[in-house]
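Let's take a walk through the charged side chains of this one. Have the model open and follow along.

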Amino acid sequence: MDTAACPGEAIQIMLSPDGDVMHMCKGLLGRWHDKNGTIVLVLFGNEYLVHAGYGGLVLTTDRVVNVKTEVEAEVVGLPADLHGYGFTVRAKPGGFMVAVDDTTIAYMPTLWEIGADGVAVQVGTYPPPPGELATGESALAPNGVLFSFATEFMINNDTIIRRVPDGAMDVLYQEANNPLVKVHGSSLVTGP
């Protein structure tokens, strides 16, 4: 990457599923550069880059932008804005999948698709986690299945659950069962 335009080191790198790389410089917050050092995205106010997608699409907290064509659209239709926590994003051709935690309905997240036009459409609802478990970090599979870390309040036993949109919930892993391998400090990753 050409980081010559950066007065300091690059502080954040974003890699798209296509292999395109963007970086933001330490002294130039809110300005994202492509691998050649050209500014391809400028963020405004409290806006930040959420996820890089296919074909030059990026999702910010406010917009879907194609950094190759400079076409952009405001994100509309989500029940919660993307400025806070409680959402999980995955790129898909032509847009993004977003799982949004809705704490008003017994922690039943909903699955949304956001197109290049910025329009969000709900495509599913996930079942709640079992019992007294509260979910944390999550990852979305290409088919919309949501994998989440979950824990009981004040008990440090990690659990991993799998939830299918409009379908079943399964417990895949529980440290309460004292497995040989513990996941403390790990992250969830799903396939391509």
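**Salt bridges, pair by pair**

Start with R162, which makes a salt bridge to D170, with 3.1 Å between the closest N and O atoms. The term salt bridge here means a side-chain nitrogen of Lys or Arg within 4 Å of a carboxyl oxygen of Asp or Glu. R162 is partly exposed at 28% relative accessible area, and D170 is partly exposed too, at 29%. For those labels, buried is under 20% relative accessible area, exposed is over 50%, and partly exposed lies in between (1.4 Å probe, protein chains only).

A word on the ground rules: this is a predicted model, where local features need pLDDT of at least 70, side-chain atom pairs count only at pLDDT 80 or more, and totals for chains, interfaces and linings use all residues. Residues are numbered from 1 along each chain as its sequence is written, and side-chain values use heavy atoms, leaving out hydrogens and water.

Next, find E113 and K92, whose side chains meet in a salt bridge at 3.2 Å, N to O. This pair links distant parts of the chain, 21 residues apart: E113 sits in strand β11 (residues 110-115) and K92 in strand β9 (residues 87-92). Strands are DSSP runs of E, at least two residues, numbered from the N terminus. E113 is partly exposed at 30%, and K92 is partly exposed at 24%.

Now for R63. Its salt bridge to E72 has the closest N and O atoms 3.1 Å apart. R63 is buried at 10% relative accessible area, while E72 is partly exposed at 46%. Over the whole structure, the search finds 5 salt bridges.

How values were computed: Helix = DSSP H or I, 4+ residues; strand = E, 2+ residues; numbered from the N terminus.
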